[in-house]
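The sequence and the structure are shown first.

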Amino acid sequence: MSETQQPITILGAGILGLWQALRLARAGFEVRLLEASKEPFAASASRYAGAMLAPDCEGEAAPEIVRRYGHEGLRLWRQEYPSLVNAGTLVVAAARDRSELSRFARLTSGHRMLDADGLAALESELGGRFPSGLFFENEAHMETLAAMRFLLDAARAAGADIQLARFGDGDGAADEDGGRIVVDCRGLAARDRLDDLRAVRGERIVVRARDVDLARPVRLLHPRHPLYVVPWPDHVFMIGATVIESEDDGPATVRSALELMGVAYALHPGFGEAEILEFGAGLRPAYPDNVPRVRIERGGRVIRVNGAYRHGFLLAPVLADVVLGAMSNVAYAHPLLERADA
Ligand SMILES: Cc1cc2nc3c(=O)[nH]c(=O)nc-3n(C[C@H](O)[C@H](O)[C@H](O)COP(=O)(O)OP(=O)(O)OC[C@H]3O[C@@H](n4cnc5c(N)ncnc54)[C@H](O)[C@@H]3O)c2cc1C
């Protein structure tokens, strides 16, 4: 740490806090990362993520700024994480839902249309099931918890002091040393300071399906029940779908379970024999426009990084670079940066 660099306390070891810890420690700051839960990731929204880096597909519904900086996020992950799977994303729809595929193609970019043969060449087990598909070649995915463990270890190796079972105060007041800059990455817990933050529930199921082989995430379009399947090692798949405007963090409902499993079975009958490993629901922290922000408060003493919505994995490295930029230069400006007391 240089003489002018102030020590930093990061609150929360979700995907945003992990990237902050890694980037800031590597840049030479003295970094302490406090995580409230005893087990790493146990209480995070991040553990529920599909961890797809899909800036082009997300362009269907996300604002342009997410797509633009999503490409930067993808580049930064590629530099950092050797186990990232760079196999793209496949988007399909049943013959009767062909208009859904055309709509998706119109709203997005970075794809090419595949006919049935092209689709079979890419994912042989889907051959013959769908008449066409969209291939987004420049996208990636990862196994969620493996990637988070990697980042935690990398942050520690870069010198970050990681303390579990430690609650930090959103203003840094409880920080015994005082005088440290607080980077607040508490996710939804930061609603005590961010009153425009809301929860958006997402339900997902993790299964082991020995009869299913997919190399890349597949999104199945459907007018009512769109779904995505993310392949992890050892025939484990994460199946997710729902975006629900709800603060309820209770278990997944029977209705969602039926929908998810029914549509997964329609995608590939091999899911009929799958073992269910985990069923759960996570709450995504989101601002009203669903765009994440770095907010600088109290003349730079407190920096809140939040609102990642569906794009926490995609944008975490970009948000870490924004914080680093703001720490290094008081005049630094970025579209994802707000100075609350400017
Ligand atoms: C079903 C689902 C699928 C998703 N799929 C994707 C995807 O494919 N791609 C993508 O980019 N994003 C995806 N997301 C979104 C992504 O998961 C979120 O944007 C991201 O997890 C938000 O991360 P975070 O670090 O802000 O919050 P969190 O992960 O919730 O982390 C906050 C951490 O702060 C800790 N904490 C709370 N209070 C304190 C305190 N006082 N002191 C210290 N620590 C504290 C918590 O214990 C927690 O570990 C998905 C989300 C869901 C639910």
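## Model and helix span

The model is predicted. Helix H7 comprises the 14 residues 254-267.

The buried residues of H7 are Ser 256, Ala 257, Leu 260, Val 263, Ala 264 and Leu 267. Viewed down the axis of H7, these buried residues fall within an arc of 150° and therefore line one face of the helix. An α-helix has 3.6 residues a turn, so residues three or four places apart point the same way.

The face of H7 turned away from the buried side bears the exposed residues Val 254, Arg 255, Leu 258 and Ala 266.

## Strands covering the helix

Several strands contribute to the cover over the buried residues of H7, including S4 (89-93), S10 (198-208) and S11 (218-221). Strands S12 (227-232), S13 (236-240) and S14 (275-286) also belong to this cover.

## Strand S10 and its partners

Strand S10 is itself mostly covered, with 9 of its 11 residues buried. S10 runs antiparallel to S14, to which 11 bridges join it; Ala 199 stands opposite Pro 285 in S14.

S10 also pairs with S13, again in the antiparallel sense, over 5 bridges. Here Val 207 has Phe 237 of S13 as its bridge partner. Both partners, S13 and S14, are among the strands that cover the buried residues of H7.

How values were computed
Residues are numbered from 1 along each chain as its sequence is written. This is a predicted model: local features need pLDDT of at least 70, side-chain atom pairs count only at pLDDT 80 or more; totals for chains, interfaces and linings use all residues. Side-chain values use heavy atoms; hydrogens and water are left out. Helices (H or I, at least four residues) and strands (E, at least two) are DSSP runs, numbered from the N terminus. The expected span of a helix is 1.5 Å times one less than its number of residues. Buried means under 20% relative accessible area, exposed over 50%, partly exposed in between (1.4 Å probe, protein chains only). The arc is that of the directions from the helix axis to the C-beta atoms. Contact means heavy atoms within 4.5 Å. Two strands pair if DSSP finds at least two bridges between them.
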